[in-house]
Amino acid sequence: MHKIFMRLAYILGENPPDRAPRRSRCSNVPLMSDDRPLERMKERLSPPPLPTDDRGRARLVLDTLILHLHPARIPKRTLRWTYTWGLGGLAGMLIGILVTTGIFLEVRYTPTAPDAYLDILNLRSDVWFGDLLRNIHHWSANLLIVVAVLHLLRVFFTGAHRPPREVNWLFGVAMLLLVLAANFTGYLLPWDQLAFWAITVGTSLVSYLPLIGEPLGRLLLGGPEVGPTTLLNFYTLHISFIPLALFGLMSLHFWRVRKDGGLSLPRRAGEALEGTPERVTTIPHLVRREGIYALVWLAAIVLFSIFVSAPLEGIADPGLSPNPAKAPWYFLGIQELLLHFHPFVAAVVIPGLAVTGLVLLPFTDVDTSSVGIWFRSARGRSIALFSAGLSLLLTSAWVAADEFVIRWTDWLPNWPSILSNGVVPLAAVGLVLLALDTWVRDRLDGNAEERVLFLFVFLFVALLVLTAVGIWFRGPGMELFWPWAMPAAT
Amino acid sequence: MTEHGQAMDSEPAEGVSRRRFLTMAWTTLGAVATVEVGGVLLAYLQPRLAEGEFGGLVAAGLVDDFPPGSVTHIINGRFYVTRFPDGGFLALYQKCTHLGCAVPWDQTAGKFICPCHNSEFDDSGNVLNPPAPRPLDLFALSITDGQVMVDTGKPIARDAFDPGQVVYP
């Protein structure tokens with residue numbers, strides 16, 4: 001008993017009273033002459049002897065497992081609620097929910113057409129709590145995208161993506177892409193009209209990749225169109241490859257957090273950090289907060305899923321596209337771009353540039369003096385706010401202008417559409433961005449990190465606006481409508 | 001080369017040492033094995049041929065079923081048969097060349113209007129309104145014994161409508 005407490009105290013970082021010299025890993029006695037080799041092996045393989053009371057026993061197991069993910073002690077500052085918002089942990093918890101509910105959904109699902117759709121109908125009507133499990137899975141998956149993006153924003157806005165944490169940022173970007181892939185492949189599985197046409201539109205984007213697009217699309221779909229083979233391909237990716245890759249990256253991500261010295265230290269603008277930050281033990285300070293946070297979210301998700309059902313439309317009909325046919329909501333920003341640019345530019349060039357930008361972000365400004373301060377400084381906060389407002393205005397104006405005024409293909413009638421509807425508008429947008437950047441540099445006297453901040457916020461808000469337009473303002477024929485005057489889909 | 005290696009076999013005056021040769025051999029074999037495994041898996045994942053998936057050769061109907069100046073949807077073949085006023089036939093794949101939606105024929109407007117991104121095509125498949133980058137794909141159409149037969153095995157991509165594409169009975 002005493003030994004256990006000493007061991008715990010040691011883990012938690014307290015000074016153990018008169019700790020006996022540690023037994024060497026390799027015994028001094030040579031192995032050959034050991035008369036109890038089996039007992040010794042057993043001792044090493046088994047966990048330490050347990051405390052006698054139940055509470056202590058449960059606590060020990062929990063403590064050691066959690067201490068695998070967290071350091072024993074953490075700087076007290078990083079507990080500040082308004083710094084992390086608990087987003088990374090929440091993303092991890094959502095993945096846990098998704099794996100758990102996903103395994104249960106698997107035993108009531110057949111990845112063939114049309115059985116897949118009938119299974120979902122069964123899930124809703126005949127299986128006890130089938131609808132609830134499906135709803136929890138669906139809403140957690142959608143929430144995961146939001147949470148992952150917010151987590152990315154938090155890290156960028158507090159400068160925590162900069163060295164030495166740049167590698168972990170890259171793992172994070174890779175995981176974001178995997179989360180999108182997981183959502184996209186899962187979207188097809190109900191095999192309803194919504195799924196079928198969203199995946200048709202989404203996978204057609206692949207065919208615009210130069211050279212490899214056509215064969216890659218065929219490989220992905222298992223044929224010229226979305227069909228039974230596509231369903232099996234996506235199912236396999238969804239339940240094996242993507243979760244496995246995600247699990248590996250999550251492990252690396254958590255490991256890097258510890259290796260990079262824990263979270264970046266939050267501070268207010270102008271506040272200097274003392275030499276050694278005050279530390280507190282992970283248990284109970286961090287673990288208790290995480291537990292409460294997780295329980296609140298779990299309750300919210302379950303409650304939401306009880307009352308709001310995941311959408312399900314009629315069975316997939318390859319001969320009839322619904323009007324409007326929309327991609328999943330998280331790709332509607334890209335679909336909106338398709339209305340304004342040649343598909344190669346909208347679906348390949350711009351997303352490619354965006355991902356490249358995210359990858360390069362930790363290397364654009366490596367000045368680490370503002371790490372831990374929201375928006376770099378008080379000035380940075382104003383610049384970010386200004387950029388967001390400007391982007392909101394300019395992007396909405398551009399969407400409206402492109403709908404009613406701008407006619408690139410009419411103005412440049414004899415040009416191939418990749419130029420008149422692709423390169424030329426892209427160059428125009430690029431020029432506007434360049435002008436804005438120059439303006440921030442010269443008029444606002446912005447330094448490197450403020451210019452990066454300005455551009456990042458501008459482009460991110462532009463993506464938000466495009467996504468919102470795609471979700472709420474596009475109706476039949478993909479024409480613009482006010483959300484309150486939206487005609488019914490057919 | 002490690003110190004140990006140098007001690008073991010000194011570098012010969014010319015040619016490659018045994019150690020270096022073995023390293024190169026291993027590396028080459030490893031690369032070959034990787035390519036092989038990659039090739040095997042890629043071949044394994046190739047879609048089984050889709051020929052005949054939606055019927056292969058589809059009988060669309062008798063010549064007289066299609067009045068001149070009409071567009072008829074053959075649903076199970078996933079294509080349209082256009083019969084021009086001069087009696088010529090054309091089989092158009094229903095898949096929009098923009099993003100793959102099924103394009104419905106709008107009888108009152110007299111054109112195909114894609115519900116996904118508002119691309120428009122005329123009855124010969126020509127693009128009337130972008131964003132579609134090229135006309136609707138064709139299927140090979142033949143007329144035997146008054147039957148209109150359409151081979152749905154392979155869509156034929158084209159840059160523009162050409163009168164040579166029209167088949168006459």
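Strand β7 (residues 120–121) of chain B pairs with β8(B) in the antiparallel sense over two bridges. Two strands count as paired if DSSP finds at least two bridges between them. Helices (H or I, at least four residues) and strands (E, at least two) are DSSP runs, numbered from the N terminus. The model is predicted: local features need pLDDT of at least 70, side-chain atom pairs count only at pLDDT 80 or more, and totals for chains, interfaces and linings use all residues. Residues are numbered from 1 along each chain as its sequence is written, and chains are lettered from A and ligands numbered from 1 in the order in which they are written.

**Four-stranded sheet of chain B**

- F121(B) stands opposite V127(B) in β8(B).
- The open sheet has four strands in the order β5-β6-β7-β8 (chain B), and the pairing is antiparallel.
- β5 (105–106) and β8 (127–129) of chain B are at the edges with a single partner strand each, so one side of each is left without a neighbour in the sheet.

**Six-stranded sheet of chain B**

- A further open sheet is formed by six strands in the order β1-β10-β9-β4-β3-β2 (chain B), with antiparallel pairing.
- Its edge strands are β1 (57–62) and β2 (70–74) of chain B, each of which pairs on one side only.
- On average, and with direction ignored, neighbouring strands of this sheet are turned by 30° against each other.
- β2(B) and β3(B) pair over five bridges in the antiparallel sense, and I74(B) has F79(B) in β3(B) as its bridge partner.
- These two strands, β2(B) and β3(B), form a hairpin with four residues between them. In the turn, R78(B) has a positive phi of about 60°.
- Strand β3 (residues 79–83) of chain B is also joined by five bridges to strand β4 (residues 89–93) of chain B, and the two run antiparallel.
- F79(B) stands opposite Y93(B) in β4(B).

**Domains**

- Domain bounds come from an automatic or database domain assignment.
- Chain B is divided into domain 1 (3–45) and domain 2 (57–165), with C-alpha centres 57 Å apart.
- Chain A is divided into domain 1 (2–69), domain 2 (75–322) and domain 3 (334–490).
- In chain A, the C-alpha centres of domain 2 and domain 3 lie 25 Å apart.
- The contact between these two takes 23 residues from domain 2 of chain A and 24 residues from domain 3 of chain A. Two residues are in contact if their C-beta atoms, placed from the backbone, lie within 7 Å.
- On the side of domain 2 of chain A that touches domain 3 of chain A, the elements giving two or more residues are α7 (130–157) and α8 (166–188) of chain A. The largest share of that side, four residues, comes from α8(A).
- That side of domain 2 of chain A divides into 15 nonpolar, four polar and four charged residues. Ala, Val, Leu, Ile, Met, Phe, Trp, Tyr, Cys and Pro count as nonpolar, Asp, Glu, Lys and Arg as charged, and the others, Gly among them, as polar.

**Contact between the chains**

- Chain B gives 19 residues to the contact and chain A gives 27 residues.
- The side of chain B that touches chain A has twelve nonpolar, four polar and three charged residues.

- Axes are lines fitted to C-alpha atoms, for helices over the stretch in contact, and angles run from 0 to 180 degrees between N-to-C directions.
- Angles under 35 degrees count as roughly parallel, over 145 as roughly antiparallel, 65 to 115 as roughly perpendicular and the rest as oblique.
- A crossing is left-handed if the near helix is turned anticlockwise from the far one by less than a right angle, and right-handed if clockwise.
- Helix α5 (residues 87–106) of chain A packs against helix α12 (residues 282–307) of chain A at an angle of about 55°, with the axes 10 Å apart. α5(A) and α12(A) are therefore oblique to each other.
- The crossing of α5(A) with α12(A) is right-handed. G89(A), L90(A) and M93(A) in α5(A) meet E290(A), Y293(A), A294(A) and W297(A) in α12(A).
- α5(A) and α7(A) pack at about 155° with their axes 9 Å apart, which makes α5(A) roughly antiparallel to α7(A).
- α5(A) passes α7(A) in a left-handed crossing. Their contact has 17 nonpolar, six polar and two charged residues.
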